[in-house]
Every structure is written in structure tokens, then in C-alpha cells.
Amino acid sequence: MEKPEWMESLSCATRCSHCDKNLDEKRILSVYDHTPICMECKREEEQRPDYEEVSKNMIRQCMLETELLYGDPGAYCFHHFHPFRC
């Protein structure tokens, strides 16, 4: 079975899409552009004034598109809020 595109992107990423640091450790998806980022960039993202609103909109849209709850570990939405390690 072929991995979904988002899973392939998350698991195969070697560099943070925002700061270009090596992703040897945990990575997570940005709620802004859905690309893999390092945990430091995620912390910076969470400080943005619009983060809460963007997060809620992303969850709503993601659940509509995937028909899975954002807390489901097999769901695309899950990886925007829970770090992933290769």
C-alpha cells in the first residue's frame, strides 16, 4: 500500500522547510503551509497572533477533507500537533 502524499512528505523530509535545519529529530507539520518543520520553528509558529485561529481553521478543513478526527494518529491533521520521528 502506497503512503499518502502528506505522510511521504513528513517521513522523508530531511530539512526543516522554514529554517533549513537538519530534521534528525522530531518534526511536525506547519499549520500555515502544511510542510515539515523542526520543533523550534513550531514554537515560533505558536507565538504568532493568528496561530489559534489558523489552527482551528486547519483542523476544520482537514477533518472535512479526510473524514478523520484530528486526534486520530493515522490522520493528516494529527501531525500538525503531535511530533513525529522517522
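Colleague: What share of the contacts in the chain with a separation of 6 or more comes from residues 24 or more positions apart?

Modeller: The share is 33%, where a contact means heavy atoms within 4.5 Å. The model is predicted, so local features need pLDDT of at least 70 and side-chain atom pairs count only at pLDDT 80 or more, while totals for chains, interfaces and linings use all residues. Residues are numbered from 1 along each chain as its sequence is written, and side-chain values use heavy atoms, with hydrogens and water left out.

Colleague: Which helices and strands does the chain have, and in what pattern?

Modeller: There are three helices and two strands, and along the sequence they follow α-β-β-α-α. Helices (H or I, at least four residues) and strands (E, at least two) are DSSP runs, numbered from the N terminus.

Colleague: Why is E45 called buried?

Modeller: Buried means under 20% relative accessible area, exposed over 50%, and partly exposed in between, with a 1.4 Å probe and protein chains only. The relative accessibility of E45 is 4%, so E45 counts as buried. E45 lies in helix α2 and touches H18, S30, V31, Y32, I37 and Y51, leaving aside residues up to four places away in sequence.

Colleague: What puts the buried residues of helix α2 on the same side?

Modeller: In α2 (residues 39–46), the buried residues are C41, K42 and E45. They cover an arc of only 105° around the axis, and therefore sit on the same side of α2. The arc is that of the directions from the helix axis to the C-beta atoms.

Colleague: How many disulfides does a search of the whole structure find?

Modeller: The search finds zero. A disulfide here is a pair of cysteine sulfur atoms within 2.5 Å. For C16, the nearest cysteine sulfur is that of C19, at 3.7 Å, and C16 is in no disulfide. For C38, the nearest is that of C41, also 3.7 Å away, and C38 is in no disulfide.

Colleague: Are C16 and C38 buried or exposed?

Modeller: C16 has a relative accessible area of 2%, so C16 is buried. C38 has 7%, and is therefore buried.

Colleague: What makes C12 partly exposed?

Modeller: Its relative accessible area is 43%, so C12 is partly exposed. C12 is found in helix α1 (residues 5–12). C12 and P36 are 24 residues apart in sequence and 9.4 Å apart in space, C-alpha to C-alpha.

Colleague: What percentage of the 86 residues of the chain counts as buried?

Modeller: The figure is 33%.
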